[in-house]
Amino acid sequence: MISGESKLIAQCRKGELHAFTRIYDRYFKKIYDFIYYKTLNRESAEDITSTTFLKALEKVDTYDRTKGSVSSWLYRIAEN
């Protein structure tokens, strides 16, 4: 059975950007809060959060659900 997140990723891979918007809306605050906690700087957190989602969109083909959830993938991108 494919999860809702995996369906969204599959749609993103087909170029259906509305699906990425749903991922963005679902995880933006969590990723922003994570980065803000690390940087303690609002501007840096905003920039890094934007970069995280841009990289995720560019690298959506690299997501492998056998290695973890979409959220763990996004956190890993943010950490790097």
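What follows is a set of questions and answers on a predicted model.

Trainee: Is Ile 48 buried, partly exposed or exposed?
Mentor: Ile 48 belongs to helix α3, which covers residues 42–58. Its relative accessibility is 33%. Buried needs under 20% and exposed needs over 50%, so Ile 48 counts as partly exposed.

Trainee: Which residues does Ile 48 touch, not counting residues up to four places away in sequence?
Mentor: Contact here requires heavy atoms within 4.5 Å. With that cut-off, the partners of Ile 48 are Ile 35, Thr 39 and Ala 78.

Trainee: What separates the C-alpha atoms of Ile 48 and Tyr 32?
Mentor: Along the chain, Ile 48 and Tyr 32 are 16 residues apart.

Trainee: How are α3 and α4 oriented: parallel, antiparallel, perpendicular or oblique?
Mentor: Helix α4 spans residues 70–79, and its axis lies 9 Å from that of α3, at an angle of about 125°. Roughly perpendicular ends at 115 degrees and roughly antiparallel starts over 145. The angle falls between those limits, so α3 relative to α4 is oblique.

Trainee: Is the crossing of α3 and α4 left-handed or right-handed?
Mentor: On the α3 side, the contact uses Ile 48, Thr 52, Phe 53, Lys 55 and Ala 56. On the α4 side, Trp 73, Leu 74, Ile 77 and Ala 78 take part. These contact residues divide into seven nonpolar, one polar and one charged. As for the hand of the crossing between α3 and α4, it is right-handed.

Trainee: Which element gives the most residues to the largest nonpolar core?
Mentor: This core has 20 residues, and those touching the most other members are Ile 9, Ile 23, Tyr 27, Ile 31, Val 70, Trp 73 and Leu 74. Two or more residues each come from α1 (4–13), α2 (17–39), α3 and α4. With seven residues, the element that gives the most is α2.

Trainee: Which residues are in contact with Trp 73, leaving aside its neighbours within four places in sequence?
Mentor: Trp 73 is on the α4 side of the contact with α3, and among the core residues that touch the most other members. Its contacts are Ile 9, Ala 56, Lys 59, Val 60, Thr 62 and Tyr 63.

Trainee: Is Glu 5 buried or exposed?
Mentor: Glu 5 sits in helix α1. Beyond its neighbours within four places in sequence, Glu 5 contacts Arg 26, Tyr 27, Ser 69 and Val 70. Because its relative accessibility is 17%, Glu 5 counts as buried.

Note on methods
Residues numbered from 1 in each chain as written. Predicted model: local features only at pLDDT ≥ 70, side-chain atom pairs only at ≥ 80, totals over all residues. Heavy atoms only, no water. Helix = DSSP H or I, 4+ residues; strand = E, 2+ residues; numbered from the N terminus. Buried < 20%, exposed > 50% of the residue type's maximum accessible area, 1.4 Å probe, protein only. Axes fitted to C-alpha atoms, helices over the stretch in contact; angles between N-to-C directions. Parallel < 35°, antiparallel > 145°, perpendicular 65-115°, else oblique. Left-handed = near helix turned anticlockwise from the far one by under 90°. Nonpolar A, V, L, I, M, F, W, Y, C, P; charged D, E, K, R; others polar. Core = buried A, V, L, I, M, F, W, Y, C linked by side-chain atoms within 4.5 Å.
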